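Open the model in your viewer and keep the selection tool at hand. The stops below go from single residues to the contact between chains.

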Amino acid sequence: MSIFAAAFGFGLVSMSVIAVAAVGFTMQFGITNMINLAYGQVMISSAYVAYYINRAGVTIWVGMIAGAVFGAVFSFLLNRLVYAPFQRKGTSHIGMVIVSLAVSLMLANLLLPIVGYFSVSYQEHAGNLVRLGDIVVTNNQIAIILLSVALMLGIHALLRYTRLGKAMRATAANPTLARNCGIPTQRVIDMVWLITGALCGLAGVIAALNSDSFVIASGAGFLITALAAAVLGGAGQPYGAMIGAVIIGLITELSAAAWSPEYKEVVAFGVLVLVMVLRPQGLLAKRGALAAAG
Amino acid sequence: MNTYYAANLLIYAGVDIIAVLALNLQFGVSGIVNFSFIVFQAAGAYAAAVLSMPPHTAADYSFQVYFGGYQLPFPIPWIGGALAGGVLAIPVGLVVLRKLRSDYQAIALLVTSIIANTVINNARPFLNGAAGLALVPQPLQDQVDTNTDSYLYLYIALTAVCVGLVWFLAARIVNSPYGRTLRAMREHELAATALGKNPVALKMTMFMVGGAIAGLSGAILVGFLTVWAPSTWLYPETIILFAALIVGGRGNNLGAILGALLVPVGFEEVTRQLIRMNVGPPNVIPALEWVAIGLFILGFLWFRPEGVRPEPRHVFEGSPETELVENVGTA
């Protein structure tokens with residue numbers, strides 16, 4: 001059974017990584033009504049920003065902050081310069097999905113000539129091994145888990161106890177009503193893109209740190225796991241995304257131990273299909289995928 | 001420009017026209033955002049390949065593994081390719097098209113496309129994994145010498161016949177009362193449902209028809225290329241077809257044909273010329289080609305969302321529908 005205990009340890013790390021990515025993705029969707037298919041590409045771009053800083057001899061933990069800042073600024077600009085104008089123009093939901101897919105494609109191919117085709121990895125010592133029974137994790141992985149838990153608590157506190165968080169929830173529930181109540185929805189949405197962008201950037205760096213090596217194409221895999229967790233939990237629901245991340249993280253790692261690591265994303269996809277057939281609205285959402293677009 | 005290159009260009013144009021016409025039936029006319037379109041083309045190509053190839057135990061084929069290998073004579077592989085695309089559409093459609101909201105459908109299909117590619121890539125015994133299938137027999141190769149110019153003309157003629165058939169079918173669907181129902185569903189699904197139309201049945205039908213046509217396009221392509229591998233059907237290939245349709249004009253068959261000639265064919269040709277003229281490092285140009293395709297999509301959605309040849313609107317003067325149509329018409 002020790003292989004499954006080890007897989008459980010990896011599962012803990014995996015779910016931590018997925019949670020950060022999925023919460024960012026689902027908040028973007030829930031509050032700004034934008035399915036941002038370029039999310040995976042912004043993640044991998046941030047991972048590369050951290051890579052170049054790390055290669056200059058700086059520790060990856062500083063690179064991680066740089067990745068988060070890059071993710072925040074980039075996502076903010078992406079919304080201001082591309083998504084928001086299209087939305088203002090009255091582009092439909094589906095049109096916006098196509099726009100974000102086009103952005104994703106452009107981003108990947110703008111990066112390709114810059115970062116090259118070869119896979120890279122961070123130069124960071126993984127830290128000492130920590131054993132808890134059969135579970136073996138590195139110090140770095142423990143740091144990732146703690147970071148993720150802290151971020152989740154932070155998001156919870158933000159949404160529950162701050163004025164900004166309440167304004168975000170109000171904007172998500174009904175933007176017009178929120179604006180009529182005096183909430184500056186435009187500024188709230190800007191803040192959402194900055195915060196979720198930072199989560200996206202962080203998620204990219206820790207996902208890259210947690211995998212042996214990464215290439216531009218890893219972005220699609222990042223997007224799929226984040227999507228699976230977000231949809232599983234009920235799109236637009238941050239707490240749902242956290243639960244989704246726990247489930248997807250555990251299932252993918254356990255299946256990798258029992259079967260083959262090449263099929264991790266396939267298993268995540270299998271979970272996604274099951275959810276879409278059995279409970280399309282996700283675990284937590286009341287309407288979610290079932291409601292009419294718009 | 002030698003004969004082989006010209007033939008290559010014409011056959012690609014034919015395949016792209018067939019594919020974009022099929023995508024037009026799904027996305028342009030019925031509003032199904034089929035981001036896994038290329039998977040159906042791939043299914044057709046693989047089906048045509050295993051139907052026409054000898055078993056993988058045959059002398060020259062032992063370097064690859066795949067199921068089947070039936071050595072069936074021409075038209076059967078092409079018909080089989082179309083069937084494979086249509087049949088594959090049934091399970092995918094049943095999962096995706098029944099309950100989900102339209103933007104979720106789009107995401108689910110995109111993810112399906114990425115995962116299908118991963119699975120075929122890793123599961124080697126099924127269709128030879130990442131290396132793909134090679135030495136796929138060409139149509140009629142046991143009766144005609146395939147290394148002659150006249151075989152190229154024959155292949156162009158066969159492709160042209162298929163283009164004609166698909167265009168005829170697409171025109172019949174678009175201009176029929178059934179096509180009108182599809183457009184009604186695309187514009188206002190709830191209203192169409194209220195009038196007694198069944199949107200799930202309509203979408204499933206167009207998903208299967210489009211899947212079958214996509215499968216046929218794959219069969220034509222693999223018969224000409226004689227190789228087929230997962231790297232030839234990555235999900236961005238679907239985006240090129242979407243770009244073609246958005247540029248050409250959604251909902252308009254002529255627009256779809258125009259888009260197929262402008263975007264996939266035109267871009268291939270421009271890229272080839274640029275590489276030949278040594279403008280910039282060779283691996284940067286294909287990457288920039290994708291960027292340009294993205295810009296094309298954004299540019300057209302911004303400045304001319306209806307495309308070069310817009311869909312003809314049949315709206316009666318003074319009808320209250322006019323305003324509604326204008327509101328929902330922008331995507």
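**Stop 1: a residue inside chain A**

Select A:Gln141, which is buried, with a relative accessible area of 12% (buried means under 20% relative accessible area, exposed over 50%, partly exposed in between, with a 1.4 Å probe and protein chains only). This is a predicted model, where local features need pLDDT of at least 70, side-chain atom pairs count only at pLDDT 80 or more, and totals for chains, interfaces and linings use all residues. Residues are numbered from 1 along each chain as its sequence is written, chains are lettered from A and ligands numbered from 1 in the order in which they are written, and side-chain values use heavy atoms, with hydrogens and water left out.

A:Gln141 sits in helix 5 (residues 139–161) of chain A; helices are DSSP runs of H or I with at least four residues, numbered from the N terminus. Leaving aside neighbours within four places in sequence, which residues is A:Gln141 in contact with? They are A:Phe10, A:Val13 and A:Asn210 (contact means heavy atoms within 4.5 Å). Now select A:Ser119 as well: its C-alpha atom is separated by 21 Å from that of A:Gln141, and the two are 22 residues apart along the chain.

**Stop 2: an arginine in chain B**

Go to B:Arg101, in the loop between helix 3 (76–96) and helix 4 (102–122) of chain B. B:Arg101 is buried, at 9% relative accessible area. Show side chains here: that of B:Arg101 makes a polar contact with the side chain of B:Asp103 (2.6 Å). A polar contact is a pair of N or O atoms within 3.5 Å; within protein, one must be able to donate a hydrogen and the other to accept it, and residues adjacent in sequence count only if both atoms are side-chain atoms.

**Stop 3: where the chains meet**

Colour chain A and chain B separately. The contact takes 47 residues from chain A and 40 residues from chain B. In chain A, select A:Ile98, A:Leu105 and A:Met276, which lose the most area to chain B, together 14% of what that side buries (buried area is the accessible area, with a 1.4 Å probe, that two parts lose on being put together, summed over both). About 4,100 Å² is buried between the chains, and carbon and sulfur atoms give 78% of this area.

Across this interface, the rule finds two residue pairs in polar contact, both at pLDDT 80 or more. Finish with helix 4 (93–115) of chain A, which gives the most to the side of chain A that touches chain B, with 15 residues.

Notes: Helix = DSSP H or I, 4+ residues; strand = E, 2+ residues; numbered from the N terminus.
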